[in-house]
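Here's a quick tour of a protein model, made for someone new to reading structures. Keep the 3D view open and click along as you go.

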Amino acid sequence: MNLFKSTAIYSASSILNRGVGFLLMPVFTYYLTPKDYGTLSLINTIIAFVSPLIILQAFGAISVEYYKSGNPKAFRSYLVSALLNPVISFVFFAIVFILFQKQISGWFDLDKPIWVLLIPVFVLLNLMPLISQTLFQVREKPIPYGIFSNSQTLINLGFSLLFVVALRMNYEGRLLGIALTGIIFTFIAFTLIKK
C-alpha cells in the first residue's frame, strides 16, 4: 500500500477516534448533571495522568525493538518482557490506590471511592489495544489498524449511548462503557498478538 493511502487511513482513524469524544459532548451535557459531567471529566483526567506512569511507553519501546530486531523469536521474547514493566507498575499503583482510596476520593471530591480503585484497571485495559495498534503500524498494516481502532471507538460509543442515554446510568454508565470496551479489546488484542 502506498504512503498516501496509509497516511489517509491512519489520519481518518485518528480523526474519528478524537471526533467521537467531541460529538458525545452535547449528548453528555444533556443527559448528565453538571456534577456528573464534572466527576466524569475528573476521573478521565486522573486516568490520563496515571496512564504514562503505568504503561511506561511500553508500546513505544516495542515499536523501536521491532525495527532493531531482525529475529521474530527474539522480538516475541522482548514483547513478553516489555509487558512485565507495566504489570509491575500497575500492581504498585493498585496498592497505592487501595491504601489511599479514601484520601484520594476526598481530595477530588468523588462521591463513590470505588472509581478510585478502578483507575489503574482502566489504564491497564488500554495497554494491549495500544500495543496491538502499534504492531499494526510497524508492520505497515493500515487497514487492520483502522478496523481495530475504529471498531473500538464505535463499540465504546455504542456502550456509552446505551448506558448513559437508554439506561440513564449517569457518569457511571460512561465509565462502564469504557471498561467493557477495554475488556473486549484487551481480549481481541491479546488474541491478535498471540497469533
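Let's start with Ser149, which sits in helix 7. Skipping residues up to four places away in sequence, Ser149 touches Ser13, Asn17 and Gln133. Bear in mind that this is a predicted model.

**The largest pocket**

- One of those contacts of Ser149, Asn17, turns up again here: Asn17, Arg18, Asn126, Gln152 and Asn156 are the closest to the centre of the largest pocket, out of 37 residues that line it.
- The space in this pocket comes to about 1,200 Å³.
- Which helices each supply at least two residues of the lining? They are helix 1, helix 2, helix 6, helix 7 and helix 8.
- Helix 2 gives the most to the lining, with ten residues.

- Want to see what Val50 is up against? Leaving aside neighbours within four places in sequence, Val50 is in contact with Phe93, Phe97, Ile119 and Val123.

- Which residues of helix 3 (residues 58-68) are buried? They are Ala58, Ile62, Ser63 and Glu65.
- Look down the axis of helix 3 and you'll find these buried residues within an arc of 165°, so they line one face of the helix.
- Covering those buried residues are, among others, helix 2 (34-55), helix 4 (72-99) and helix 6 (114-138).
- Over on the other side of helix 3, Tyr67 and Lys68 are exposed.
- Tyr66, also in helix 3, has 28% relative accessibility and counts as partly exposed.
- Tyr66 touches Phe75, Val138 and Arg139, once residues up to four places away in sequence are set aside.
- Take the pair Tyr66 and Arg139: they are 73 residues apart along the chain, and their C-alpha atoms are separated by 8.7 Å.

**The salt bridge**

- How many salt bridges does a search of the whole structure find? It finds one.
- The side chains that meet in this salt bridge belong to Lys112 and Glu172, with 3.0 Å from N to O.
- Lys112 lies in the loop between helix 5 (101-107) and helix 6, while Glu172 is in helix 8 (residues 170-194), so the pair ties together parts that are 60 residues apart in sequence.

**A buried threonine**

- At 7% relative accessibility, Thr39 counts as buried.
- Not counting residues up to four places away in sequence, Thr39 touches Leu110 and Tyr171.

**Loop residues with a positive phi**

- Leu56 isn't a glycine, yet its phi has a positive value, near 55°.
- Where is Leu56? It is in the loop between helix 2 and helix 3, and at 44% relative accessibility Leu56 counts as partly exposed.
- Glu140 is likewise a residue other than glycine with a positive phi, near 55°.
- You'll find Glu140 in the loop between helix 6 and helix 7.
- Glu140 has a relative accessible area of 63%, which is over 50%, so Glu140 is exposed.

How values were computed
Residues are numbered from 1 along each chain as its sequence is written. This is a predicted model: local features need pLDDT of at least 70, side-chain atom pairs count only at pLDDT 80 or more; totals for chains, interfaces and linings use all residues. Side-chain values use heavy atoms; hydrogens and water are left out. Buried means under 20% relative accessible area, exposed over 50%, partly exposed in between (1.4 Å probe, protein chains only). Helices (H or I, at least four residues) and strands (E, at least two) are DSSP runs, numbered from the N terminus. The arc is that of the directions from the helix axis to the C-beta atoms. Contact means heavy atoms within 4.5 Å. A salt bridge is a side-chain nitrogen of Lys or Arg within 4 Å of a carboxyl oxygen of Asp or Glu. On a 1 Å grid over the protein atoms alone, a cavity is a set of points where a 1.4 Å probe fits but cannot get out, and a pocket is an open set with protein on both sides within 12 Å along at least five of seven lines; lining residues have an atom within 4 Å of a point. Grid points are joined across faces, edges and corners, and a volume is the space filled by probe spheres set on the points.
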